[in-house]
Each structure stands twice: as structure tokens, then as C-alpha cells.
Amino acid sequence: MADKKIRVRYAPSPTGHLHIGNARTALFNYLFARHNKGEFVIRIEDTDTKRNVEGGEESQLTMLKWLGIDWDEGPDKPGAVGPYRQSERSAIYGPLIQQLVDQGLAYESYITEDELAAQREVQKANHEMPHYEDEFAGLNAEEKAAKIADAKAKGLKPVIRFHVPVHKKYEFNDLVKGHIEFDSDSIGGDFVIMKRDGMPTYNFAVVVDDHLMAITHVLRGDDHIANTPKQLMIYEAFDWEAPVFGHMTLIINTQTGKKLSKRDENTLQFIEQYRELGYLPEGMFNFITLLGWSPVGEDEIFTRKQLIKLFDHKRLSKSPAKFDAKKLEWVNNQYMKQSDSSKVTDMGLYQLIKAGRLPEDPDNKTIEWARTLVGLYHDQMSYAAQVVEESAVFFTEPPKLDEAALTELAVETAPTVLNKFAELIKQVKIFDAVEINNAIQQVRAETGVKGRHLYMPIRIGTTRSTHGPAIAESIELLGREKTMHHLEVTLAELNH
């Protein structure tokens, strides 16, 4: 294996959108391939036709490209070992399954789903692990043939099961977890390699595809560990060399401490959701790479090229990776700050239109105003959609003041500052940040109030918040009419 060119694959099922966990699998395979000057293959595992959704494949590939992941071979980049969709490879699987049957390593099984369910109920009652019980156990050749003939006469279609060796140990050295071994008696008995519809099962097809596509390393989530002994049996049956396996730890939700599940509605799970919120692909790429892998040193912000250079599979964590939404916001904010201002303002403009804050086809004056508005929030945004909530005061009636704001306005000089500012701002001829700043300084000169007791009442009185971007620029964008209205509302509240 050491002298072979490294080839890895990401093999999604087209059952929906790209999940954070699957994106990490793709990303680690990509980084491993690129770091080792190897090749990265995309293969679509679509044999479970009941679960496939329309547009699922396209969605997966689109989101991978958006993240900045490219590949050497795939359904859209045919190579020498295609096709790259399992549904198009049935002509490959059939003869190999028949070969195992002919060698006595696999056989037709006619046990029905109802009979299997009944078996499991008995096993459950006996406190046994669920397992398949040989439907032909104790039968001689003649009795077995009669049973099969009877099943065929009833129109039953068989599955093909693989004969699991008895009392045999299967072991492998996992890139992440180290030495792992299984006893063949622990995996649940003879397993299905071809379904009744003629399609191969996952554990058979994945072995055939990985072998014929010359895959040298398989990096995947540790929920696949239980599949590995079954796959090793198939490799052994064909006398094929198995790839090197590496099973990455689960991703857990820091808030719940539980596995990041697609059913967990408290956390956004899919890459497309983050793209829609205005996260940057570079930020997502960086953050996902740190879910279960750590570089040498304390740095946490890297370019894609740096991550390719730094990636070392020996630094894949043995402990569960913690998905922290706040950490993701912080990481993405670093990229937002570094990002081109025109790109960020375009993203913010899109979010404001999507939220209905702006018309779908705004005129040039509105666009310029909105661009300036988004620009005010550039450095503090973790993702573009935040501008909708942060800038709400520019579009809606003034919100109620929170406790922090009311505490700031409780100082004795607050009404004096607000009344004087309202008087001066009404008289400003050119309503821009320069003149507004001059008015603030005039309030200071005439009232003697300075520092926090000067600026905080003016910020709260105009923007109805204790925090935000530059105050004079914010007031300019609010406009004279809205600014006066907010000041009137605030003063009225203070007088109650």
C-alpha cells in the first residue's frame, strides 16, 4: 500500500442536503489527498432508491464546490474507473455476486421480512442480540432443495446472503483509533449482499467500488466501524487487499452533549442553511476542519492552502468533536473582517431584500443608502443575515428600551443632553455625520456633560440601543425625521 498513489473518496447518498458531518468527511478526505499529492474521488451511492430525493446529488455537489472542495474524478468528471454512480454499476456487481454463490461463499435466502421480525422478537424475549438464524439449518440437501422450490412456487424473490465464517477474528489498524478487532460471531450472522430488487447492499457495493477504483484509504465517521468487519470478509472472499481505514469521532452539540443529529432542531445542520445566512465558504471550511482535527500551535484561522500544507492525519482527535455555534460565528467574523467591503455589502443587501426590509428592485438611491448601512456593520457581523436584526431600528418603529438602556438613561443629566441634542439636530442644515458630530460637541460645550454620560444617552435616544456602529454615521442614515421621532419617543418615556 505504501508505494501506491494515495486515492480517497467521498461517497454521499443523494438523500438530501449536505450535512455538517458529511461535509467534514468530504473535507478531511480532500485535505488528506491534497496534502499527500494524491487523488480525490466523488462517488454517488444511490442504490437505496427509496431514500433518494430529486436534486439530492446536485445539491451535494453544489455545496461541496461552494465550500471550496474540488475533486479529480466523479459523476461530473469521468475518469478511467467509472461509472461514478452505483446505480449505473449493476453490471459490475451481478457477476461478482454470482461468483461468490458459485464458490459457496454466498447463497439465496428466501426468509421473509415477517419471519425475520418474528425471529427478532424471540431473540429480544430471550435477551439475545438480534441476529439472522440460518433458515436451512438442520436440513439435508434434498430438504433444502424442496424448501427453495416451495418458496419459488409462492413467488418469493430471494436475497443473496454472505456466509459469515464461524469463530474467526477480524482485525485492522485504524488511522485514528489504533488496533481494532472483531469476532465474526458478533456481527449478527449471514448478512445480505444483494436485495430482492437485484441491487447490491451497501457493504457489498462499497467494497467492490473501492477495490475497482483503487481506493487506498477510507476516512469516514466512526458510525461505520461496525460495517468494517463485514467489508473485510468481502475483501477476503475475493482475495483483494483492503484499504487503510480511519474512523473519525462523532460530532457532538456543545449545548446538549449529544451527537449532532439531523433531528436536532436547535442547531442548523446543513451547509446550505449557512450559505443562505450569509456565512463565507472560507470560514465554514476553516471551522469544519477544526471539528476533530487540530494543527500544531495556537492559531485557529487558516487559508485553504495552509490547511492542505498542515493537514496531518495523526492529529485527528480520538475524542468527540464539539460543534460550538458561537465558535463558528467567531471564526466567520474573522473572515468577514478580512473580506472585501463590496462583497460584504452585496451579501447584506441580499439579506435585507430577502427579509423584506428593502424592495426586490430598489432604486439606485436606496441601494447606495443600504450599502452604506451594511458597511457600518461590516466588522461586527459574524454572518450577513445579522444585519437584518442589527439594523432593524432603521426600518421599524423604535423598539422598547431594555434594562441596560433604561439604567443608562436614569442619570440626572440624560434629559438635559437629549433635549439639547434634539434642539440642535433640528437646526442642522446639512444632515450628515460631520454636522451631527459638531452638534454632539456643541451639546458637550453647552451642558458640560462629557464622556459616557454624553454619548450613551444620544446613542440610546436615536438608535434605541446601547451598542452599535459609529453614532454620527448611524444618525445620518436614520435621517432627520426618524431621528427626531426616536428622540421624542425617548424623552416621552423619561417624563413618565
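So, how many positive and negative side chains does the chain have, and how far apart do the centres of the two sets lie? There are 60 positive and 74 negative ones, and the two centres lie 3 Å apart. Keep in mind as I go through this that we're looking at a predicted model.

Okay, the overall picture. The chain has 19 helices and 11 strands.

The exposed surface comes to about 24,900 Å², and carbon and sulfur atoms supply 50% of that. As for contacts, take the ones with a separation of 6 or more: 75% of them are between residues 24 or more positions apart.

First up, residues 12–22, which the record labels as a short sequence motif, the 'HIGH' region. That stretch is 27% helix with 0% strand, and its end C-alpha atoms sit 8 Å apart. The other is residues 365–488, annotated in the record as an "Aminoacyl-tRNA synthetase class I anticodon-binding" domain. Here we get 67% helix, again 0% strand, and 27 Å between the end C-alpha atoms.

Let me zoom in on one helix. Is α9, residues 281–289, mostly covered or mostly open? Mostly covered: 8 of its 9 residues are buried. The buried ones are Pro281, Gly283, Met284, Phe285, Asn286, Phe287, Ile288 and Thr289. And what do they pack against? Quite a list: helices α1 (20–35), α2 (56–67), α8 (271–276), α10 (304–310) and α11 (325–338), plus the strand β11 (321–323).

Why does Glu329 count as buried? Because its relative accessible area is 18%, and the cut-off for buried is under 20%. Leaving out residues up to four places away in sequence, Glu329 touches Tyr279, Ser382, Tyr383 and Gln386. Look at the numbering there: Ser382, Tyr383 and Gln386 are among the contacts of Glu329, and the annotated anticodon-binding domain covers 365–488.

That's my tour, over to you.

Technical notes. Residues numbered from 1 in each chain as written. Predicted model: local features only at pLDDT ≥ 70, side-chain atom pairs only at ≥ 80, totals over all residues. Heavy atoms only, no water. UniProt positions renumbered as here; feature names shortened; annotations may be inferred. Helix = DSSP H or I, 4+ residues; strand = E, 2+ residues; numbered from the N terminus. Contact = heavy atoms within 4.5 Å. Areas by Shrake-Rupley, 256 points an atom, 1.4 Å probe, with all protein chains shown as cover. Lys, Arg positive; Asp, Glu negative; His and termini not counted. Charge placed at Lys NZ, Arg CZ, Asp CG, Glu CD. Buried < 20%, exposed > 50% of the residue type's maximum accessible area, 1.4 Å probe, protein only.
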